[in-house]
Amino acid sequence: MGYDAFISYSHQADLELAPVVRDGLQRLAKPWNKRRALSVFLDQASLELSSELGGSLDERIEDTRWLVLFMSVESAQSRWVGEEISEWAEKKSKDQLALVLTSGEVVWDDAAKDFDYERSTAVSEGMRGVYTGQESEPLFLDLRWTKELPDGEKSLDLAHVKFRDAIATLAAPIHGMPKDELEGEDVRQFRLARRLRRAAVTGLAVLTVTAVVAGVVAMIQRAEAIRQRDASEARRLAVVSEAHAAEQTDLALLLALESLATTDTEEGWGALFTALSRPVLARSPLTGHEAGVNRLRFSPDGSVLASMGGDGVVGLWDAAAGGQVGKLEGHEGDGRIWEGAFSPDGSVLATPGSDWTVRLWDVEKRRPLGEPLEGHGGLVWDAAFSPTGEFLATASSDSTVRVWDVGRREHTVVETMGTEDEGIEVWEVAFSEDGSRLAWVSMDGSVRSRRLAAGSTAEVLLAGRDEWSRGSTAPGVAFSHDGTKLAVGASEILEGLGSGERALATVQLWDLAPQGSTLRSLVGHDGFVVDLAFSFDDKTLVSASQDRTVRLWDVATGEPLGNALTGHDGEVFSVGFSPDGKLLASGSADRSVRLWDLGAGGSVGRRLHHGGWVRDVAVSPDGALAASAGMDSKISIWEVASGRSRYEIPGSHDGKWVNSVAFSPDQRFLASTGTDGKVRLWSVDTGLPAGAPLEAHGRRARDARFGPNGRWLASAGDDGKVWLWDREAGQLTGAPLEVRDDQGEPVERAGRPVPVWRIAFSADGQMLASASADNEVRLWEVGTGSHSGDPLTGHEAAVLDLSFDPGGTHLWSASGDGVVLRWDLVTRQAARVLDAGSEWTAAAFSDDGSLLAAASLDGSVRRWDLERGAPAGEALLGHSMRVEALDFSGDGALVVSGSEDQAVRLWPARSRWRELACEAVGRNLSAAEWTEYVDAGRPYRRQCGQHGPADAPGPDVGP
């Protein structure tokens with residue numbers, strides 16, 4: 001059922017007036033045999049009407065004939081009202097838009113033939129262009145007088161003469177009749193209803209019974225209305241969550257949790273998955289600066305973050321909670337502060353500024369320490385404390401590097417880079433770890449170092465690199481903490497591109513040995529690289545750019561770590577790591593500071609770096625451990641809960657590929673197969689070999705699986721055979737199970753045996769299934785080693801995984817053709833339970849056969865409910881290359897995937913997503929966020945109770 005009218009309004013301005021107008025529209029000229037004259041939608045405030053609600057804004061607009069827009073100062077600033085206007089203008093006619101003014105002013109610009117948006121205080125930006133070109137100002141109903149009624153006239157209904165006239169004016173075009181005819185119809189309906197009421201007195205007894213029945217129906221309708229309303233609200237919250245996933249992941253997680261708490265919808269789960277999948281968790285921005293944030297620095301213990309701004313203010317922030325704890329002011333002139341440096345004990349902060357001075361601050365007392373340090377003849381770009389905190393080095397545009405005795409406030413000029421006529425600015429300065437040397441970077445692209453001992457001279461670590469200074473801004477530069485590397489933003493303009501010229505933005509990583517050389521160039525930014533910083537272990541580099549993004553890089557490989565971090569609305573000027581490496585801070589021209597949780601992101605699809613192309617993965621029976629194996633001949637054992645590597649077994653198969661890994665049922669042992677043709681056993685506790693290698697295949701060993709008792713081990717390989725081993729004895733149990741044709745001859749292809757790729761034991765261990773390169777599945781009796789019937793044929797591509805059902809009466813097979821077959825082991829007939837319509841690269845069944853995990857060619861992984869033949873949740877996105885291996889934990893709650901991108905990913909089931917979200921976000925919605933994004937009229941509730949109450953007033957009713 002559609003709506004005659006949709007009322008768009010601001011809760012803050014018209015929460016009381018909107019329901020009264022709705023009631024008037026519904027009651028004026030209401031036929032005696034209908035519930036209302038018009039069907040009017042009024043979001044949560046109209047419970048009975050919301051039973052028809054489809055949920056999304058798009059559906060509501062499609063199902064509505066008229067939009068009644070309450071224009072007020074508050075609605076003009078409301079994002080939601082603006083979106084409703086824009087959606088209406090796109091899909092509907094302005095001739096079905098009714099304007100109601102409740103506060104503020106509306107001014108029409110006759111010359112522009114549109115509203116005057118500068119002088120109008122009640123017109124939303126969403127109206128821009130709706131009436132463009134209209135010769136005269138559109139008519140609107142002025143209800144501002146309703147806000148000024150005397151106390152004795154506060155009740156508004158159709159008995160109020162002036163209000164009744166206003167409702168008739170508004171309702172007439174919606175009914176499609178003149179106003180006088182509408183009022184006449186209202187009188188007629190009133191008289192008819194009165195006559196019917198008199199006649200109804202005689203049938204009171206019958207009506208009483210009818211009323212009881214109607215009451216029951218009303219209760220059912222009310223329950224359905226509540227359900228529909230909650231579903232609509234849940235979907236809205238999910239949409240808002242998705243919109244904030246990249247820029248404010250913490251807010252996105254909390255809104256997704258609130259969506260699911262309102263009503264369990266697929267949209268809510270999808271929003272939660274999107275936020276949990278972010279590799280880095282973005283917190284809400286910290287605001288307070290009145291100009292761009294030029295530099296950020298964490299205190300040595302990581303508890304305080306200092307932000308140096310173009311407004312001449314140093315902001316001090318609680319790095320854990322995110323709130324501002326103080327600010328420092330004092331630099332003169334234009335007040336811009338370019339840098340900041342904490343003393344080693346964190347008690348003092350040094351800030352060089354555009355007033356040519358360096359100021360020292362008492363961090364705890366938030367006040368200056370003495371007078372400024374004066375001596376430079378230009379802007380002071382950088383400052384760095386010595387490891388003992390006794391000295392402070394500064395770099396300036398006056399071409400000098402100076403070292404200050406902080407206690408005595410005396411300075412020594414360490415180096416002059418040129419005369420005033422040919423001055424070469426010094427950008428960056430740093431002490432060596434032992435404090436005996438000083439290194440600096442100059443505008444000419446050179447890097448120099450000098451011992452601080454008297455009489456020493458500077459040595460050139462890196463000759464001049466003119467391209468460093470060719471951009472429109474000074475490039476970012478950063479020394480590694482061990483002093484062996486330098487990162488520089490090598491930005492330049494590509495010539496000859498005219499108006500389409502663009503920046504060639506790279507980060508160059510240099511080895512600072514004498515006459516240093518380039519280690520590698522890091523390519524990824526689309527704008528000049530303005531700042532760089534190394535993590536404290538020097539393994540990760542972060543870059544900030546004019547393209548408004550932040551990027552993380554692996555120093556060892558030069559590869560980007562995930563996608564660019566987005567969220568800033570202006571150039572990013574500064575970045576920095578916390579000492580423990582768990583937080584990243586970024587400051588921008590948009591005047592905000594952002595904190596990024598590096599350890600909390602990617603809770604769904606946590607990435608573990610194997611280091612080589614991953615060929616197989618396995619999960620231990622208790623779900624606590626995962627194993628990965630690959631082309632690098634390495635086996636890695638991971639702790640699932642923490643994602644930490646327990647140990648590695650390098651060169652496990654004599655430098656050959658490792659093709660498969662499998663845990664024993666008691667998880668004491670791990671079996672592996674490799675292209676060396678061997679099956680090897682390892683102690684899970686120690687990672688050491690558990691006996692000599694098992695050799696039989698002679699060529700590549702493809703797969704190995706333990707029987708349910710853990711003693712028997714089966715292996716398959718390119719020799720076309722399945723061998724059974726007694727693990728305890730370390731020897732074969734008998735002749736191999738060999739793939740043969742109807743005449744009893746070995747099946748061959750191009751003169752070679754058909755390889756056996758996959759094997760699986762039945763739950764009782766009496767039967768074994770094997771899948772070979774001819775796309776056929778064969779069954780074997782383990783006790784006798786003989787075929788159990790003819791091969792099972794039906795797949796058109798390689799069989800990727802096999803699984804017996806717990807009862808042993810059926811066998812599941814999944815193929816690269818995207819088809820899953822369920823075989824009846826008595827009749828040998830197959831039922832096609834799933835046809836995904838796409839090609840798969842890997843597949844795995846859960847132990848009970850109810851779920852399948854399958855990877856597509858694009859690197860995505862999807863779980864399938866085999867009973868319904870439909871997807872079970874969202875596609876798992878994260879791998880950048882082909883997925884080669886999948887496995888389920890025993891309870892089906894965890895999927896592990898391995899890929900050509902050298903990564904292993906852990907995908908927990910939905911049952912843990914709420915818990916993971918609360919662990920990642922570590923807070924609840926604030927009172928302001930609840931009011932803005934949820935509903936100020938609803939009782940506040942906490943979704944992450946274990947993290948303590950948020951700053952919301954009054955008791956909460958949440959979990």
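Predicted model: local features only at pLDDT ≥ 70, side-chain atom pairs only at ≥ 80, totals over all residues.
Local features here need pLDDT of at least 70, side-chain atom pairs count only at pLDDT 80 or more, and totals for chains, interfaces and linings use all residues. Residues are numbered from 1 along each chain as its sequence is written, and side-chain values use heavy atoms, with hydrogens and water left out.

Colleague: How many aromatic pairs are there?
Modeller: Rings of Phe, Tyr and Trp (its six-membered ring) pair if their centres lie within 6.5 Å. Planes under 30 degrees apart count as stacked, over 60 as edge-to-face and the rest as tilted. By this rule the count is 11 aromatic pairs.

Colleague: Why is the pair of F273 and W913 called tilted?
Modeller: The ring centres of F273 and W913 are 5.3 Å apart. Their planes stand at 35 degrees, so the pair is tilted.

Colleague: How many residues apart in sequence are the parts that F273 and W913 tie together?
Modeller: Helices (H or I, at least four residues) and strands (E, at least two) are DSSP runs, numbered from the N terminus. F273 lies in helix α10 (residues 266-276). W913 lies in helix α11 (residues 913-921), so the pair ties together parts whose separation in sequence is 640 residues.

Colleague: Is W913 buried or exposed?
Modeller: Buried means under 20% relative accessible area, exposed over 50%, partly exposed in between (1.4 Å probe, protein chains only). W913 has 0% relative accessibility, so W913 counts as buried.

Colleague: Which strands hold W840 and W864?
Modeller: W840 and W864 form a tilted aromatic pair, 6.5 Å centre to centre, with 45 degrees between the planes. The pair ties together parts 24 residues apart in sequence. W840 lies in strand β60 (residues 840-845), and W864 in strand β62 (residues 861-865).

Colleague: Over which ring does the charged end of R79 sit?
Modeller: A charge sits over a ring if NZ of Lys or CZ of Arg is within 6 Å of the ring centre and within 35 degrees of the ring normal. The charged end of R79 is 4.8 Å from the centre of its ring. That ring belongs to W80.

Colleague: What is the bridge partner of A341 in β15?
Modeller: β14 and strand β15 (residues 348-352) pair over two bridges. In β15, the partner of A341 is A350.

How values were computed
Pairing = 2+ DSSP bridges.
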